[in-house]
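Open the structure in your viewer and keep the selection tool ready. The stops below go from one selection to the next.

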Amino acid sequence: MSARTRLEAAKRKGQKQADEFNALHPVGTPVLAYPGVRPEDGVDDVLFSHTRTEVQVSACGDLVVWVDGHGAYINFTHVDPVTEGQWHQAQTDHDEATKARRAALLGEIRAYPSRWTPERAAFAMRRLGFKGFSERTARRDLEALVADGHLAPVTEVVVRHYDLTGGAS
């Protein structure tokens, strides 16, 4: 069987799955969407969103869907349809977890007040038991603490230094 034949068969199978999903979940369905990886597979963000298209078969045969608030399609396996009540509860839980995480980070910063980078914040939060805490999440949390007036951003000047042979390092 040629690659093209396999792709066409995969697209037909995918279209059947898409049609079944679309029959149960119309455009506008509330979803929890994971643009990068699902939480059980790694660290990434969740989008509390609604579908803005039906599930479709992409050119490469993957099932994809577009959601509000995200500029690209998301793989169908990274979108969980939920009820409005579940959607609101998940958003509330997420907001509460974010507040708790930022309070813990602020506590660490108060204990050791200088030179906080996203890398250092991520390491500290993982040490405190916040599993899967990424540098990207740490950067967002640090920026939120700046916006709330808890921190002041410090810009450090990078100083070029030279090794003994005179080459820049």
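Select Phe21: is it buried or exposed? Phe21 is buried, with a relative accessible area of 10% (buried means under 20%, exposed over 50%, partly exposed in between, with a 1.4 Å probe and protein chains only).

A note on the model: it is predicted, with local features needing pLDDT of at least 70 and side-chain atom pairs pLDDT 80 or more, while totals for chains, interfaces and linings use all residues. Residues are numbered from 1 along each chain as its sequence is written, and side-chain values use heavy atoms, leaving out hydrogens and water.

Phe21 lies in helix α1 (residues 3–24) and Phe76 in the loop between β5 (74–75) and β6 (79–81), so the pair ties together parts 55 residues apart in sequence (helices, H or I, of at least four residues and strands, E, of at least two are DSSP runs numbered from the N terminus).

Now select Trp66 and Tyr73. Their ring centres are 5.4 Å apart and their planes at 80°, so this pair is edge-to-face too. Trp66 is partly exposed at 23% relative accessibility, and Tyr73 is partly exposed at 42%.

Last, select Met125. Leaving aside neighbours within four places in sequence, Met125 is in contact (heavy atoms within 4.5 Å) with Arg101, Ala104, Leu105, Phe130 and Phe133.

Conventions
Phe/Tyr/Trp six-rings, centres within 6.5 Å; stacked < 30°, edge-to-face > 60°.
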